[in-house]
Amino acid sequence: MRYVKVLLLVVLFFLVMMFFVQNQDVFSQAMGLKLDLLFLPPMESAPLPFYTLLLICFLLGALCTLLMLVWDRLSISAKLTMANMRIRSLEKELQKAGKAQEDIQHKVADAETRAAEAEAKAARSDISSPEIA
């Protein structure tokens, strides 16, 4: 897969270079940018070759994409941190619940033992005491 990606990038680079070479005279023409807002006086840039404007637009697009990717990475990282904190909290609650369950099981076992002892004692007392008819 890695070689396929490299091959596709080489083909794309070749096509872009062919595009630039075949249209070099068009890209070399000077072009001025104009900004005319209603509340500001109109502004115009110095004439720049079209390929310079194209490169500037490409770099601005790459920068915006990079910023969006960084923002996405930071938000996912924050969500992961919050999820890990929630997991630790739930694990602590689970440990507490496990300890409470063990305590309840010990109490039930003790109560059953005492109940069995009381039944055995009652049964012995019934056997040893004479019945009144």
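User: In what order do the elements of the protein run from the N terminus on?

Analyst: This is a predicted model, in which local features need pLDDT of at least 70 and side-chain atom pairs count only at pLDDT 80 or more, while totals for chains, interfaces and linings use all residues. Residues are numbered from 1 along each chain as its sequence is written, and side-chain values use heavy atoms, with hydrogens and water left out. Helices (H or I, at least four residues) and strands (E, at least two) are DSSP runs, numbered from the N terminus. The protein has 3 helices and 4 strands, and their order is α-α-β-β-β-β-α.

User: What is the radius of gyration of the protein?

Analyst: The radius of gyration is taken over C-alpha atoms, and the globule rule is 2.2 Å times the number of residues to the power 0.38. For 133 residues that rule gives 14 Å, and the protein is well over this, so it is more spread out than a compact globule. The C-alpha trace spans about 130 × 50 × 20 Å along its principal axes. The radius of gyration is 41 Å.

User: What percentage of the residues of the protein count as buried?

Analyst: A residue is buried under 20% relative accessible area, exposed over 50%, and partly exposed in between (1.4 Å probe, protein chains only). Of the 133 residues of the protein, the share that counts as buried is 2%.

User: How far apart in space are glutamate 93 and tyrosine 3?

Analyst: Glutamate 93 lies in helix H3, residues 50-128. Glutamate 93 is partly exposed, at a relative accessible area of 46%. In sequence, glutamate 93 and tyrosine 3 are 90 residues apart; in space, C-alpha to C-alpha, the distance is 50 Å.

User: Where is the place of leucine 40, and how far in space is leucine 40 from phenylalanine 20?

Analyst: Leucine 40 sits in the loop between strand E2 (34-35) and strand E3 (43-44). With a relative accessible area of 38%, leucine 40 is partly exposed. Leucine 40 and phenylalanine 20 are 20 residues apart in sequence, and their C-alpha to C-alpha distance is 37 Å.
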